[in-house]
Amino acid sequence: MRKRILFILAAAIVLAVALVTVHAADQTPPAAGDAAPTFTLPAQDGSQISLDSYRGKWVVLYFYPKDMTPGCTIEAHNFQRDQAKFDADDAVILGVSVDTPDSHKQFCTKEGLTFHLLADPEHKVVDSYGSLGNFMGFKIASRNTFLIDPQGKIVRVWTKVDPSHHSEEVLAALAELKK
């Protein structure tokens with residue numbers, strides 16, 4: 001009986017995370033024109049990913065609340081669907097949440113994701129990008145995206161992203177900026 005109650009509680013939290021807007025702490029995300037805060041975080045494959053290693057490429061840095069939740073899965077699937085288009089634009093996709101590398105590995109395996117998901121359980125990068133949110137007392141990443149140019153400057157910022165069409169928005173902005 002206890003396991004059933006815990007399962008129902010966990011399912012309710014997962015569903016609520018997917019359906020409710022995350023309330024961000026009083027943080028201001030970096031703005032277009034700012035230098036992108038640098039970082040190194042572990043990815044789902046165990047490697048350490050540094051933003052500096054992508055100098056010379058466009059970077060789509062997206063923050064999302066939780067692995068394996070409906071909205072986050074939709075957003076990840078859409079980025080994966082458009083991966084070839086991002087590759088053609090010399091852009092790399094990096095997803096960040098406060099989940100662990102093991103959680104990311106399971107998410108990528110289950111959903112067939114090939115881009116890097118970065119783990120920030122200590123909230124250092126999420127916080128430096130003004131993307132740390134609270135949901136029912138849990139610290140999670142707010143759904144924000146930063147488009148970083150090849151020189152390391154933030155050129156576009158999206159907050160409170162709608163995951164259903166966000167990949168297309170980023171591709172359109174990338175095409176406009178590359179004109």
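## Salt bridges in the chain

Ten salt bridges are counted in this predicted model, a salt bridge being a side-chain nitrogen of Lys or Arg within 4 Å of a carboxyl oxygen of Asp or Glu. The model is predicted, and local features need pLDDT of at least 70, side-chain atom pairs count only at pLDDT 80 or more, while totals for chains, interfaces and linings use all residues. Residues are numbered from 1 along each chain as its sequence is written, and side-chain values use heavy atoms, with hydrogens and water left out.

## The pair E75 and R143

One of these salt bridges joins E75 to R143, with 2.9 Å between the closest N and O atoms. The two residues lie 68 residues apart and so link distant parts of the chain, E75 sitting in helix 2 (residues 70-81) and R143 in the loop between strand 8 (138-141) and strand 9 (145-148); helices (H or I, at least four residues) and strands (E, at least two) are DSSP runs, numbered from the N terminus. Both E75 and R143 are buried, where buried means under 20% relative accessible area, exposed over 50%, and partly exposed in between (1.4 Å probe, protein chains only).

## The network around R81

Salt bridges that share partners join R81, D82, K85 and E168 into one network.
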